[in-house]
Amino acid sequence: MNQQPTKPDEVTTVACIGAGVIGGGWVAHFLARGYRVVAWDPAEDAEERLGRLVDAAWPALRELGLADGASRANLTVATTLEQAVTEAEFVQESAPEDLDLKRDLLARIDAATPEGVVISSSTSGYEMSDMQRDCSDPSRLVVGHPFNPPYLIPLVEVVGGERTEQWATRWASEFFELTGKSVITMDREVPGFVANRLQEAIWREALHMLDNGEATVEQIDTAITEGPGLRWPLFGPCMTFHLAGGEGGMAHMLDHFGPSLKSPWTRLRAPELTTELRDAMVDGCERSAGDRGIADLVDERDRAIIAVLRAVKGVRGERS
């Protein structure tokens, strides 16, 4: 790479290729953060659909707080892909999940985008190593996997492919963070990424229970919304079980409840709880806790659950 990329904190223009639900959500997100956005989609009614999507998202974005200079007027819909990326300092691709389509489109984007500009894909399942195959400069391509809707859900998972250079992954992660995203920078490619794998496990169990007549849809959803879902906005499953171990934390939880992993509750095969796996989980929870003791974490968790309960109760009250 001869031309140095624009620094993440100096980006002013973003190109969004694909303007469906995910691509349109990215457009709304970048507009709300004050960027000039140039979008392109091959559909004949793309501009009209995109306008409706941004209009629908804008009240929520306004309530969250718009960046200085944020305006829907900063959106331009280009007539060609090449026109969309000509002045781009970052490109987010959000085409349908079709591998051949992704390969062809990313190759076209790569050929038309100025040197040194990072190109990110919103794919929800494909590995970048498979998608960057036909690109002349695959070193700058990364996955930037969002969660729907991208303008509200902060998570984005960033990972490069076999031919991606580390600078591009670091650049993309820093840029997404500057736009207000919560970033997981992955060290290696994982089929389905992290969050999809976790929610897919729950989804499969839900389908099994429904299919076997073990629970209804309402019971399954209530089991999450009135149970573990209330804890997850603050602590994920690892830290939740860290607290389940009481003062002994994750070490006590695994030593005490570890054998139950072999109980035939789920349809997913449990991993072998080796010493290495146990210690990795315990060490990870201790790092996440930092200088917060169990009592501090419990207090933080309980205050967050109360806030979530009050917020959900307020929304339900407005609906009734």
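Let's start with polar contacts between domain 1 and domain 2: there are three residue pairs of this kind, both residues at pLDDT 80 or more. A polar contact here is a pair of N or O atoms within 3.5 Å; within protein, one must be able to donate a hydrogen and the other to accept it, and residues adjacent in sequence count only if both atoms are side-chain atoms. On the side of domain 1 that touches domain 2, you'll find two nonpolar residues, two polar and one charged. Nonpolar covers Ala, Val, Leu, Ile, Met, Phe, Trp, Tyr, Cys and Pro, charged covers Asp, Glu, Lys and Arg, and the others, Gly among them, are polar.

A quick word on the model: it is predicted, local features need pLDDT of at least 70, side-chain atom pairs count only at pLDDT 80 or more, and totals for chains, interfaces and linings use all residues. Residues are numbered from 1 along each chain as its sequence is written, and side-chain values use heavy atoms, with hydrogens and water left out.

Now, where are these domains? The domain assignment, automatic or from a database, gives domain 1 as 13–185 and domain 2 as 194–289. Five residues from domain 1 and four residues from domain 2 make the contact, meaning heavy atoms within 4.5 Å. The buried area is about 340 Å², with 55% from carbon and sulfur atoms; that is the accessible area (1.4 Å probe) that two parts lose on being put together, summed over both.

Next, please find helix α10, residues 249–257. Helices are DSSP runs (H or I, at least four residues), strands likewise (E, at least two), numbered from the N terminus. Which residues of α10 are buried? They are Gly249, Met250, Ala251, Met253 and Leu254, where buried means under 20% relative accessible area, exposed over 50%, and partly exposed in between (1.4 Å probe, protein chains only). Their cover includes α9 (237–244), α11 (275–289) and α12 (294–319). Take Met253, with a relative accessible area of 10%: leaving aside residues up to four places away in sequence, Met253 touches Phe241, Ala244, Gly245 and Gly258.

Finally, two backbone details. Most residues other than glycine have a negative phi, and most peptide bonds are trans. Phe193, in helix α7 (residues 193–211), has a positive phi near 65°, and Phe193 is buried, at 2% relative accessible area. Asn148 and Pro149 are joined by a cis peptide bond, with omega about 0°. You can find Pro149 in the loop between β6 (141–146) and β7 (155–160).
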